[in-house]
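Below are my comments on the chain contacts in this model. They are set out as numbered points.

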Amino acid sequence: MIEYNFAYLDEQTKRMIRRAILKGLAIPGYQVPFASREMPMPYGWGTGGVQVSAAVLTPDDTFKVIDQGADDTTNAVSIRTFFERTAGVQTTTATQEATVIQTRHRIPEEPLNDGQILVYQVPIPEPLRFLEPRESETRKMHSLEEYGLMHVKLYEDISRHGHIATSYAYPVKVEGRYVMDPSPIPKFDNPKLGDMAAIQLFGAGREQRIYALPPYTQVTSLDFEDHPFEASKADHGCGMCAATDSYLDELIIDDTGGRMFVCSDTDYCEARQAAGHIGKDNGGKDAA
Amino acid sequence: MTPLLSVEGITKRYGTHIGCADVSFDLYPGEVMGIVGESGSGKSTLLNCMAGHLAPDAGQVIFDSRTDGFRDTLTMSEPERRMLGRTDWAFVHQHARDGLRMGVSAGGNVGERLMAVGERHYGDIRDKATDWLGRVEIDASRLDDRPTTFSGGMQQRLQIARNLVTGPRLVFMDEPTGGLDVSVQARLLDLLRGLVRDMGLSAIIVTHDLAVVRLLADRLMVMKSGHVVEAGLTDQVLDDPQHAYSQLLVSSVLQV
Amino acid sequence: MIELKNVSKTFTLHNQGSAVIEVINDVSFAVSAGECVALTGASGAGKSTLMRMIYGNYLTQAGEIRIGGVDMVQAEPREVIALRREVLGYVSQFLRVVPRVATLDVVAEPLRTLGVSADEAQERARGLLTRLNIPERLWSLSPTTFSGGEQQRVNIAQGFAHPYPAMLLDEPTASLDAANREVVLSLIEEAKTRGAAIIGIFHDEAARTRVCDREIDVGRFTPGLAA
């Protein structure tokens with residue numbers, strides 16, 4: 001603890017980031033530029049999320065990190081350890097117990113409460129970027145609310161695949177104003193973005209942007225009248241806990257093409273198993 | 001009848017160099033005006049000033065907009081002017097790739113303007129895009145192909161479809177046939193002539209090709225060194241030019 | 001219907017030592033509805049020039065040219081265009097078309113610009129092309145590839161597609177065989193009967209005598225020639 005300031009960043013940096021967070025909360029969905037710092041990890045490992053977490057953590061917080069829903073991947077473990085060492089905060093894998101949850105590409109299955117903060121790691125914050133490479137132009141499009149181009153992307157999807165094939169980082173409109181990239185969460189999670197009790201903060205370290213959704217914000221996934229948004233998931237039950245309402249990962253389990261589907265949210269899955277729900281790949285009867 | 005567009009005293013300087021000086025004219029609904037002159041005569045500067053791409057040093061560009069009547073487009077706010085650019089106005093670039101999204105399918109290119117003004121029904125957008133490809137003589141089977149796979153003439157026709165799909169009233173064209181084969185030019189000109197007639201479009205066409213203005217334009221302005229030296233009925237200016245420069249320009253055309 | 005008052009024209013050739021050529025000086029005459037007037041005079045007398053001035057194709061320096069209430073000398077381009085679309089027809093000696101447009105559409109074009117439906121305009125075009133003996137197999141082709149005589153007949157068909165109240169005809173029977181010449185002359189007679197005011201240039205003296213009510217010698221107004 002004596003080697004570092006609390007939560008690694010110096011207080012001036014945290015103030016700067018908090019100002020950006022407050023501005024982001026005041027203008028939901030608007031990308032606030034901030035002076036992203038070098039962090040002791042490579043870009044793409046969550047430097048944006050880590051800086052936001054560092055700026056909002058207090059010594060009384062309980063911290064949880066999930067990577068694609070899992071608490072036990074290298075990335076999740078190393079970020080959790082990072083804050084254990086630099087902030088000395090409590091850590092947990094239980095969604096309910098955490099006060100700050102840093103996430104890479106998932107929203108926990110368990111509904112979040114007020115008093116909780118969900119911090120997203122964002123690789124590319126600009127939803128218009130793939131069709132319009134000029135930053136000056138995309139900024140103008142946001143400020144003038146010119147979002148026709150976003151629908152061009154969805155149009156291209158339908159014309160090529162017959163349906164909207166975008167399955168993650170599915171663009172949303174926030175409070176009828178800003179179009180926002182919800183980070184690469186599966187579109188299954190999109191409905192959870194809106195009307196959430198917890199504060200949602202998004203940090204993009206390399207791109208130096210922070211944006212936010214205050215509690216109970218209206219968030220709409222973009223779509224066409226004749227191709228409405230659908231929050232899709234694999235059409236199976238979880239092989240471990242038999243849940244039918246959770247987002248599933250597909251696992252290849254042998255060399256003959258055998259596979260199983262399990263909850264991507266490990267905490268949710270383990271809690272269900274502990275409560276006696278047993279899936280078909282876990283010795284239980286066929287859940288479906 | 002009142003003019004659709006009233007241009008008054010447009011002046012643009014580049015330092016001490018004059019881009020265009022004190023240009024004024026009225027354009028009435030359904031009229032097509034050509035602007036001719038050699039390279040550097042200020043015709044493109046004038047076009048860009050009128051279309052809002054360049055800020056002139058002086059002058060007014062008053063347009064009779066569908067939503068709120070006569071407005072000086074130069075003092076409009078940027079969102080208003082950009083909205084005008086997607087609805088009442090259209091701009092056809094000389095190089096199709098400046099006016100198209102090369103990474104987006106032909107249908108997406110045509111549909112973008114529709115989506116930009118709020119259309120949200122995929123089937124309708126696609127039907128309109130298909131209809132417009134037909135009108136510019138591109139086979140409907142190319143709807144999902146990217147413009148990178150199109151010939152130069154097809155790209156130019158796609159650009160025109162993309163511009164006209166929202167039913168604009170005024171089209172700015174910068175050398176629309178420049179860089180195209182002569183045979184492709186004729187087809188494009190005939191197509192443009194039909195569209196102008198059927199849609200009742202007004203247009204301002206900048207070109208150095210006198211054959212283009214003879215076919216498309218009702219009226220002609222001849223520019224030299226930033227000044228309009230002669231203006232009038234197209235065939236009158238071409239067949240009986242009054243100004244020394246116009247006479248030189250007309251007599252310089254090679255006869256085939 | 002057509003009235004010229006004290007009309008004069010000079011050409012100034014800026015690129016040839018600013019030479020000033022007086023071509024027409026102080027012309028006045030009028031043509032009323034149903035009347036056909038021939039312009040006569042030697043080559044270079046200014047017949048075609050005067051015709052082009054009446055059409056607004058050449059700029060008139062002085063005087064008045066009134067056609068159906070519009071003064072061509074003072075009119076705005078859009079007024080001239082409207083007049084040419086609705087009132088004043090012109091059959092020139094040369095056909096000017098976009099290369100790939102079908103003959104049928106070339107002839108229907110004047111009616112289409114007046115807002116006549118495509119079907120109706122083409123119907124009228126078919127009638128005229130048949131009368132002028134253009135074989136039906138050519139109708140879908142561009143006239144740019146036709147012989148001189150065929151082009152001239154397509155040109156005439158186009159000129160007569162719309163019943164203009166005033167018409168200018170520049171050598172309408174030149175390079176036509178006897179049968180087609182006859183068709184053109186009867187077209188002119190029909191136009192007169194419906195009340196069109198016509199000014200024509202005819203080198204064909206027999207034709208002139210047959211359709212024209214009066215002759216005006218343009219040579220009288222040509223400064224160089226009159227002296």
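1. At what angle do helix α7 of chain B and helix α3 of chain C pack, and how far apart are their axes? Helix α7(B), residues 182-199, and helix α3(C), residues 103-113, pack at about 30 degrees with axes 11 Å apart. That angle makes α7(B) roughly parallel to α3(C). Axes are lines fitted to C-alpha atoms, for helices over the stretch in contact, and angles run from 0 to 180 degrees between N-to-C directions. Angles under 35 degrees count as roughly parallel, over 145 as roughly antiparallel, 65 to 115 as roughly perpendicular and the rest as oblique. Helices (H or I, at least four residues) and strands (E, at least two) are DSSP runs numbered from the N terminus.

2. On conventions: this is a predicted model, in which local features need pLDDT of at least 70 and side-chain atom pairs count only at pLDDT 80 or more, while totals for chains, interfaces and linings use all residues. Residues are numbered from 1 along each chain as its sequence is written, chains are lettered from A and ligands numbered from 1 in the order in which they are written, and side-chain values use heavy atoms, with hydrogens and water left out.

3. In the helix pair of point 1, B:Arg193, B:Arg197 and B:Asp198 of α7(B) meet C:Glu109, C:Arg112 and C:Thr113 of α3(C). By class, the residues of this contact are five charged, one polar and no nonpolar. The classes are nonpolar (Ala, Val, Leu, Ile, Met, Phe, Trp, Tyr, Cys and Pro), charged (Asp, Glu, Lys and Arg) and polar (the others, Gly among them).

4. The contact of chain B with chain C takes 25 residues from chain B and 25 residues from chain C, where contact means heavy atoms within 4.5 Å. The two chains bury about 2,200 Å² between them, 50% of it on carbon and sulfur atoms. Buried area is the accessible area (1.4 Å probe) that two parts lose on being put together, summed over both. B:Arg197, B:Leu233 and B:Asp240 supply 25% of the area that chain B buries against chain C, more than any other three residues.

5. Five salt bridges are counted between chain B and chain C, each a side-chain nitrogen of Lys or Arg within 4 Å of a carboxyl oxygen of Asp or Glu. B:Asp240 pairs with C:Lys9 in a salt bridge whose closest N and O atoms are 2.6 Å apart. The elements giving two or more residues to this side of chain B are α7, α8 (210-216), β10 (227-233), α9 (234-239) and α10 (244-251). Helix α7(B) gives the largest share, seven residues. The side of chain B that touches chain C has 13 charged, seven nonpolar and five polar residues.

6. Between chain A and chain B, 21 residues of chain A are in contact with 22 residues of chain B. These chains bury about 1,900 Å², 56% of it on carbon and sulfur atoms. The rule finds five salt bridges across this interface. In a salt bridge of A:Lys140 with B:Glu78, the closest N and O atoms are 3.2 Å apart. On the chain A side, α4 (135-143) and α5 (148-161) are the elements that give two or more residues, and α5(A) gives the largest share, nine residues.

7. Over all chains the count is 49 salt bridges. One of them joins the side chains of A:Lys14 and A:Glu11 (3.1 Å, N to O). Both residues lie in helix α1 (residues 11-26) of chain A, three residues apart, about one turn of the helix.
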